[in-house]
Amino acid sequence: MPSLVLEGGTLRPIFSSGIMDALLDEGIMFPYCIGVSAGISNGISYISKQKRRNLEIMENYRNDPRYIGYRNFFKSRSLFGLDFIFQEIPSRLVPFDTETYRSYTGKVLVGVTNAHTGLPEYMDGLEADEQWTLLRATCAIPFVFPAIELNGQKYYDGGLADPIPVRKAIADGNEKHLIVLTQPKGYEKKLSKRTVRAARLLRRRFPKLEEVLLTRHKHYNETVALCEQLEREGQAILLRPEVPLDSFEKDIGKLRETCRQGYELAMKRMDEIRRLF
């Protein structure tokens, strides 16, 4: 069984959306989809077979202060308008096809980071509630989002503990993989001063998260190396953008172009993708 593995990156996964639009155009539905943060949030629209939905949301609402804006901190303690994004948009503004989504017969896994243990957990996306608490949790960047509560536990962005969950896909028995990264080839994550400060601030409330943040860059780089090894061994197709995109990009033209590049890259390699099945 082949897997579709989706990296996050705030707005960078608009590249991944273009790839998934191409898959939908070609009638390709992966039986196993796993991802973190905005990667899997965008992947949900792929599972519901709603081509261009993610791009439509970006085009119409990226620069709407209800989507991203400092006033949102007063209402939801988040830079992002959580209720606007996870309730108003899918229920009214860009309706989500819940019926098609629920009829999916494969597996959808949403990666989250347990704030108490510092470990990754993978939750069934088909069991998401109407408030999309799972997606709120997987997107919960510390200090940009509040910690999100699920089943009595607090969670943060799934990309903290497992930024590219290909190991989980392998452990679940998948032998071939389409891995979609959102950074260009050659990108190497480094430990930033901002991350060090965040780790120190978080350790008072969630001590286990300190090491997660301080070692995340090493884990990320090791995982990219694993993805490249899988590609060399013929077990994976690795798709990634040629140029970087700012995680909080405001230019709609750049977002649209990045989506187009993802679409064209997937179409160019579609014969290879088909051979994963």
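Predicted model: local features only at pLDDT ≥ 70, side-chain atom pairs only at ≥ 80, totals over all residues.

Trainee: Why is the contact between Asp172 and Lys168 called a salt bridge?

Mentor: The rule asks for a side-chain nitrogen of Lys or Arg within 4 Å of a carboxyl oxygen of Asp or Glu. The closest N and O atoms of Asp172 and Lys168 are 3.2 Å apart, so the pair meets the cut-off. By this rule the count comes to 15 salt bridges.

Trainee: What makes Asp172 partly exposed?

Mentor: Partly exposed is the class between buried, under 20% relative accessible area, and exposed, over 50%. Asp172 has 28% relative accessibility, so it counts as partly exposed. Lys168, with a relative accessible area of 23%, is partly exposed too.

Trainee: How do you know that Arg240 and Glu228 form a salt bridge?

Mentor: Their closest N and O atoms are 3.0 Å apart, and the limit is 4 Å. The pair links distant parts of the chain: Arg240 is in the loop between S8 and H12, while Glu228 is in helix H11, 12 residues apart.

Trainee: Which class of accessibility does Arg240 fall in, and which does Glu228?

Mentor: Arg240 has 13% relative accessibility, so it counts as buried. Glu228 has 22%, so it counts as partly exposed. The line between the two classes is drawn at 20%.

Trainee: Why is strand S3 called largely enclosed?

Mentor: Seven of the eight residues of S3, residues 107–114, are buried, so the strand is largely enclosed by the rest of the structure.

Trainee: How do you know which strands pair with S3?

Mentor: Pairing needs at least two bridges. S2, residues 32–36, pairs with S3 in the parallel sense over five bridges, with Tyr32 opposite Lys107. S4, residues 120–124, runs antiparallel to S3 and is joined to it by five bridges. S6, residues 153–157, is also antiparallel to S3, with three bridges. Thr113 has Pro120 as its bridge partner in S4 and stands opposite Tyr156 in S6.

Trainee: What lies between S3 and S4?

Mentor: The two strands form a hairpin with five residues between them, and Gly118 in the turn has a positive phi of about 75°.

Trainee: What makes up the lining of the largest pocket?

Mentor: The largest pocket holds about 1100 Å³ of space and is lined by 34 residues. Among them, Ile141, Lys189, Arg194, Thr195 and Arg216 lie nearest its centre. By class, the lining has 16 nonpolar, 10 polar and eight charged residues. Helix H10 gives the most, five residues.

Trainee: Which element gives the largest share to the lining of the second largest pocket?

Mentor: Helix H12 does, with four residues. This pocket holds about 300 Å³, and its lining includes Arg240. The lining divides into five nonpolar, one polar and six charged residues.

Conventions:
Residues numbered from 1 in each chain as written. Heavy atoms only, no water. 1 Å grid on protein atoms, 1.4 Å probe; cavity = no way out; pocket = protein on both sides within 12 Å on 5 of 7 lines; lining within 4 Å. Points joined across faces, edges and corners; volume = space filled by probe spheres on them. Nonpolar A, V, L, I, M, F, W, Y, C, P; charged D, E, K, R; others polar. Buried < 20%, exposed > 50% of the residue type's maximum accessible area, 1.4 Å probe, protein only.
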